[in-house]
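Please keep the structure in view while reading.

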Amino acid sequence: MTILNFPFSAIVDQPQLKTALLLCAIDPTLGGVLIRGDKGTAKSTAARALPAILPRIERTVGCAFNCRPDEPSSLCDACIDSARTVTSASVPFVTLPLGATEDRVLGTLDLQRALKGDARTFQPGLLAAAHRGILYIDEVNLLADHLVDVLLDVAAMGVNSVQREGLSVKHPARLTLIGTMNLEEGDLRPQLLDRFGLMVEVFAPRDKTLRSEVVRRRIRYEADPTAFSTLWSVQQTALLAQLTAAQKLLPTVEMSDALLDLISHLCCEFEVASLRADIVMHKAARALAALEGRTSVTPEDIRQAAQLVLPHRRRRKPFEQPGLDQNKLDELMQQTTAPDLPSPSSNDASEHNPDQQDDTGDDTGKSNDAEQHQVFSIAAAANARQLSISGINAHGAAVVAGRRSDIQDASQGRMVRSIPDPHPRSLAIAATLRSAALRDPQDFQVTNQDLHAQVRVGKTANLILFVVDASGSMAAQRRMEAVKGAVLSLLTDAYQRRDEVAVITFGGQSAQLLLAPTRGIDLAEKSLRELPTGGRTPLPHALQLACELLQRRAQQSTAATPLLVILSDGKANVALTTGGDPWRETLELAAQLFDNGIAALVLDTEDGYLRLGRAAQLAEALGAECLTLEQLTADNLALTIRARMQ
């Protein structure tokens, strides 16, 4: 039974999203489109709707490589057959599952034919199936690194090369990448991000009329997909005709040298390092002209292309939101009326930080709960400070310093490859059978020398739990500014490594979980920026919350390694129990964290000539390093936390 996708022409609003997809249909060499946005914003719907309006392609019946009939592959039996039949077919639309193995993506030995005694025969994978078509990746930001590496190679060369199991095979794999993602779940590796020619940010409509129309159309579609598709058949046919005409017109579209100079000028002004941006913007502008039936590019085409090509390539600082400064783009476009375009400016007004404010008020740190809380700005953060772990996780797999998110373990994660192993913990059945078949196809027997083990890679992005002292003592000499700056520096490291973060703050009579574990590092930065300071120091309560959170985390994911970072002077003065000793409770909870194998770091915020040294004692109880804020912001500092695992 054929499932009818939602018609492309019936998608409500989202003009930029639809334009980007149409441009990729007109010129497949653009490199595809990345669609970013919240859940429920028609990202997947639009991508899956595209093939229905694409002009059909010619292909040989039975061809597993989607070869052009005039460019047959020597690997394809169907294409080299003199009695082959050529027919028209829909453009391939192949979905790449997040859990796919390299064999499934690249292709592998055809085991069935090998068992019959045939020569080593290649069984094509998903990349061959997507040749001359679309490779769709939902939640592309969650794609395993080994698959990202494969896609980078193929996207660069347009060729899939397989060197394994006695095979040496190359075949064309020119495809259009379409990826969707939710930015809250982590960003893409910069290398893959740059491979997407275009990027679109999508949002749910804010207009109630548009929202109700979305619901109305979706309900009608779900009730009767066939009838709904028929209702939009005229618009679908019109789009198909428009794309067909645009594809034929594209080779004749011309661009003036002045507009080409404008493209390079915009890339320089927005500090885009990759030259791929200039090339893709040139192609996108020409495709826009072809879409509208024109043979010459206009400045408006350049403007629209810039909005699709530059946002994900512009150099951004961590926590800076993607996108372009529209006012700056307007100013640069207005300069096209001048005889000569000005040289790129060295001053970028967009670097101004509107969040920096002058703080006023009493800076003395009184521990009076009734005092008015203050909100301090964030001091300028130093370069990202690396937090690395060395140790052994609960499954006996090494955790490599500087690469917190990767583990190799036979008992968990997705299988990425197989290796010869006479005593495998987890048997790779297909690889074992292939080895036996290749060794002696006539007398098929599996021996120890054929056995292969599975190599699995799992994601174990760390949880970094920040416990931040927000009591009144942190207002003295504006210490909270330095504390926020230090946390921001560590958040930068977490941002780059795609770790999860959580924030517990304490001040007044209690502590609170300010931010539950999330990969949305920008949420942590926002919470930190708005954190007020004032009141007493309920450090025991903060450590109790940390224990509870990390215990829940251990039950959910035994492989993940938590990091506990405490920023405080250690001067606890609010007990958990009536009449209790706050400092004794603090040390007891610290010892409990140590016994649970929690890796920790204490940043001592105490300053002045007279120091009680409570933070150092807390660090000793945790089995952790104790550093001052001055040490944290020193140049070229690398913090090493040695995890003690049970």
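This is a predicted model: local features need pLDDT of at least 70, side-chain atom pairs count only at pLDDT 80 or more; totals for chains, interfaces and linings use all residues.

Which residues form one aromatic cluster? The members are F6, Y221, F228 and W232. Residues are numbered from 1 along each chain as its sequence is written, and side-chain values use heavy atoms, with hydrogens and water left out.

The structure holds 6 aromatic pairs. Rings of Phe, Tyr and Trp (its six-membered ring) pair if their centres lie within 6.5 Å; planes under 30 degrees apart count as stacked, over 60 as edge-to-face and the rest as tilted. The pair of F6 and Y221 is edge-to-face because the ring centres are 5.2 Å apart and the planes stand at 70 degrees. Distant parts of the chain are linked by this pair, for F6 lies in the segment before α1 (15-26) and Y221 in helix α9 (residues 208-223), 215 residues apart. Helices (H or I, at least four residues) and strands (E, at least two) are DSSP runs, numbered from the N terminus. Y221 also forms an edge-to-face pair with F228, at 6.0 Å centre to centre and 70 degrees between the planes. F6 and Y221 are both buried, where buried means under 20% relative accessible area, exposed over 50%, and partly exposed in between (1.4 Å probe, protein chains only). F228 counts as buried because its relative accessibility is 4%.

Rings also meet charges. The charged end of K328 sits over the ring of F270, 5.1 Å from its centre, and R614 lies over the face of W583, at 4.5 Å from the ring centre. A charge sits over a ring if NZ of Lys or CZ of Arg is within 6 Å of the ring centre and within 35 degrees of the ring normal.

The next topic is the sheet. An open sheet with mixed pairing is formed by 6 strands in the order β20-β19-β18-β22-β23-β24; two strands pair if DSSP finds at least two bridges between them. The edge strands, β20 (510-518) and β24 (625-628), each pair on one side only. Strand β18 (residues 463-469) pairs in the parallel sense with β19 (residues 500-507) over 7 bridges, and V468 has T505 as its bridge partner in β19. β18 and β22 also run parallel, joined by 6 bridges, with F466 opposite V565 in β22. Because 7 of the 7 residues of β18 are buried, the strand is largely enclosed by the rest of the structure.
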